[in-house]
Amino acid sequence: MSAPRVVIADDQALVRTGFSMILAADGIDVVAEAADGEQAVEAVRHTRPDLVLMDVRMPGLDGLEATRRILSGAVVPDPPPRVLILTTYDLDRYVYAALTAGASGFLLKDVTPEHLVAAVRLARSGDALLAPAITRRLVERFVSQDTRTAALHRDLSVLTPRETEVLQALGTGLSNAELAARFTLSEATVKTHVARILAKLRLRDRAQAVVVAYETGLVAPGAGRPGAP
């Protein structure tokens, strides 16, 4: 697999330069930098990166709205790049907003160089940067407070009964091993079910699947972890 192509969006030039140097030192190609959300959208349009490191608070168009536009499919054809949110503000509401906008993860700006590089490579590979159990706690806290129509709402009728069961259990924060024990399946079979769920619901990763499970009512806030060992 070739090195990830990355756009860095942050209103602080020193932050952009620092992240760019860290990624370049590990062989990751930074194809553009942006100082605000509008520039980030244009950079994605022109460079077609694999991933965007996106600040939250920027002048004009903020990072969350820029993320929504980029992941809407209107900026570049499918597949759009993955987005990792970068911020100095470790408030849960930003994490939740980023996830509902379609982001694949969330990092604070004091992240170590090693963690930053690992996060970029992990997100590029298709994995969520936030564990489903962490996502579940965030969604439980905020889903009842957000009355807007969620961008990630999906019609669950496209799923088979077994896939619906797996999504419901995934929504409570179960890992693949716990899902396998819950349904008496091999982990390989569980991975196949999860992959089909993501494909049918047009989701990028498991973290977004947790959001969908709650926002469609498949899992209710406060639900436990059924069948977890």
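The secondary structure of the chain comes to 10 helices and five strands, counted as DSSP runs numbered from the N terminus (helices: H or I, at least four residues; strands: E, at least two). This is a predicted model, in which local features need pLDDT of at least 70 and side-chain atom pairs count only at pLDDT 80 or more, while totals for chains, interfaces and linings use all residues. Residues are numbered from 1 along each chain as its sequence is written, and side-chain values use heavy atoms, with hydrogens and water left out.

Of the 229 residues in the chain, 53% are buried (under 20% relative accessible area, with a 1.4 Å probe and protein chains only; exposed is over 50%, partly exposed in between).

Helix α2 spans residues 37-47, and its buried residues are G37, A40, V41, A43, V44 and T47. They lie on the same side of α2, because they cover an arc of only 160° around the axis, taken from the directions from the helix axis to the C-beta atoms. The cover over these buried residues includes the strands β1 (5-9), β2 (29-34) and β3 (51-55), together with helix α3 (63-71).

D36 is buried, at a relative accessible area of 18%. A side-chain oxygen of D36 comes to within 3.1 Å of the backbone nitrogen of E38; a polar contact is a pair of N or O atoms within 3.5 Å, where within protein one must be able to donate a hydrogen and the other to accept it, and residues adjacent in sequence count only if both atoms are side-chain atoms.

Leaving aside residues up to four places away in sequence, D36 touches M58, P59 and L61 (contact: heavy atoms within 4.5 Å). Q12 is 24 residues from D36 along the chain, and their C-alpha atoms are separated by 9.5 Å. Across the chain, 71% of the contacts with a separation of 6 or more are between residues 24 or more positions apart.

After α2 comes R48, which has a positive phi, near 50°.

For the comparison piece, helix α8 (residues 176-183) packs against helix α9 (residues 187-200) at an angle of about 105°, with the axes 9 Å apart. Axes are lines fitted to C-alpha atoms, for helices over the stretch in contact, and angles run from 0 to 180 degrees between N-to-C directions. That makes α8 roughly perpendicular to α9 (65 to 115 degrees; under 35 is roughly parallel, over 145 roughly antiparallel, the rest oblique). N176, A177, L179 and A180 of α8 meet E187, V190, K191 and V194 of α9.
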